[in-house]
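Please open the model in a viewer and keep the selection panel at hand.

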Amino acid sequence: MVRFNISILLLLLLSGCQTGPTESHTTIDWVDFIKLENTEYNVVYNGVIADEKYISEKVGKVNFKVADNISDPGYKIKNGDAAFHEKGTEIYRVKDKQYLIAVKEPHEINEYRIYFARDKMEDEWHLKNMPMEKVKRVEIYHTTLSGENKKITELTSLEEINQLLYILKKSENKPDFQPSMRNGDPEHYEIVFYTSDPIAHKYNIQFDGITFYWYPWETAVLSNDISNFINKNNKMGRRLPLD
């Protein structure tokens, strides 16, 4: 009888612990955006500012960082809101690009992050839109574990640039490709193509210790000949046919 009464008491205590209000936290995966003058700008993933000289006048600043501060999925973003930039971050216009803005970002290549007005223009920096015949210079960066980009290669020779473009164009689509994790996380590289445009095209390449691959549309595997460009200690390998 004593044991029975103790059991009832425990049940009552447990029930009492659950009668109060419960806290719930919603995690929101924010798109990298800035809202300015009633226009929402989204980040340009495949582009970087070609040179700081293309940064124009200041047009505003961030008033509120929504990430880490907003958990309501129904929150309506306002002018001055940004997904990931701190309050006070200055916003600049890009010269000759009416619907592009930029913010200072030290970890980005050339130290600015670019955003486009999503309701007034498309993200035009997909590979299919890159004018390969106008590429004048190429830089290759290795992305460190801390997120910094370290330049390892620069190409200015038209012959070398065409060799690199040939390798990229000949990549083989393999949507089911799974990188090897035997050596841990893959190495990340950024290849930047400069034309006369204020925005340079940027594409990510990864290496899992065996295979180089990238994502021009879907997962595509690259020839290991690209290591001649990515490894700064290697000299140019065999010449490839151009078409």
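**Before selecting**

This is a predicted model, in which local features need pLDDT of at least 70 and side-chain atom pairs count only at pLDDT 80 or more, while totals for chains, interfaces and linings use all residues. Residues are numbered from 1 along each chain as its sequence is written, and side-chain values use heavy atoms, with hydrogens and water left out.

**The whole chain**

Display the protein as a cartoon. Its secondary structure consists of three helices and 16 strands. Helices (H or I, at least four residues) and strands (E, at least two) are DSSP runs, numbered from the N terminus. Of the 243 residues, 43% count as buried; buried means under 20% relative accessible area, exposed over 50%, and partly exposed in between (1.4 Å probe, protein chains only).

Now switch to a surface. The protein exposes about 14800 Å², of which carbon and sulfur atoms supply 49%. Accessible areas come from the Shrake-Rupley method with a 1.4 Å probe, and for residues only the protein chains shown count as cover. Contacts, defined as heavy atoms within 4.5 Å, may be considered next. Among those between residues at least 6 apart in sequence, 63% join residues at least 24 apart.

**The nonpolar cores**

Select V138, L164, F193, I205 and I226, the residues with the most contacts inside the largest nonpolar core, which has 24 residues. The elements giving two or more residues to this core are strand 10 (137–143), strand 11 (149–155), helix 2 (158–169), strand 13, strand 14, strand 15 (212–214), strand 16 (220–222) and helix 3 (227–230). Helix 2 provides the largest share, five residues. A nonpolar core is a set of buried Ala, Val, Leu, Ile, Met, Phe, Trp, Tyr and Cys residues joined through side-chain atoms within 4.5 Å.

Which residues does I226 touch, not counting residues up to four places away in sequence? They are L164, I167, L168, I191, I205 and F212.

**The aromatic rings**

Show the side chains of Phe, Tyr and Trp. Rings of these residues (for Trp, its six-membered ring) pair if their centres lie within 6.5 Å; planes under 30 degrees apart count as stacked, over 60 as edge-to-face and the rest as tilted. By this rule there are seven aromatic pairs. Select W30 and F33: their ring centres are 6.2 Å apart and their planes stand at 45°, so the pair is tilted. Both W30 and F33 are buried.

Move to F193 and Y203. Here the ring centres are 6.1 Å apart and the planes at 55°, so this pair is tilted. The pair links distant parts of the chain, with F193 in strand 13 (residues 187–194) and Y203 in strand 14 (residues 199–207), 10 residues apart. Both F193 and Y203 are buried.

Two further selections concern rings. F177, Y213 and Y215 form one aromatic cluster. R137 lies over the face of Y194, at 3.9 Å from the ring centre; a charge sits over a ring if NZ of Lys or CZ of Arg is within 6 Å of the ring centre and within 35 degrees of the ring normal.

**Strand 7 and its partners**

Select residues 90–94, which make up strand 7; four of its five residues are buried. Two strands pair if DSSP finds at least two bridges between them. Strand 4 (residues 55–61) runs antiparallel to strand 7 and is joined to it by four bridges. On this side, K58 stands opposite Y92.

Strand 8 (residues 97–104) is also antiparallel to strand 7, again with four bridges, and K97 in strand 8 is the bridge partner of V94. Strands 7 and 8 form a hairpin with two residues between them, and D96 in the turn has a positive phi of about 60°.

**Two loop residues**

Most residues other than glycine have a negative phi. N38 lies in the loop between strand 1 (33–36) and strand 2 (39–43), and at 62% relative accessibility it counts as exposed.

Finally, select E111, whose phi is near 65°, a positive value. E111 lies in the loop between strand 8 and strand 9 (112–117) and is partly exposed, with a relative accessible area of 38%.
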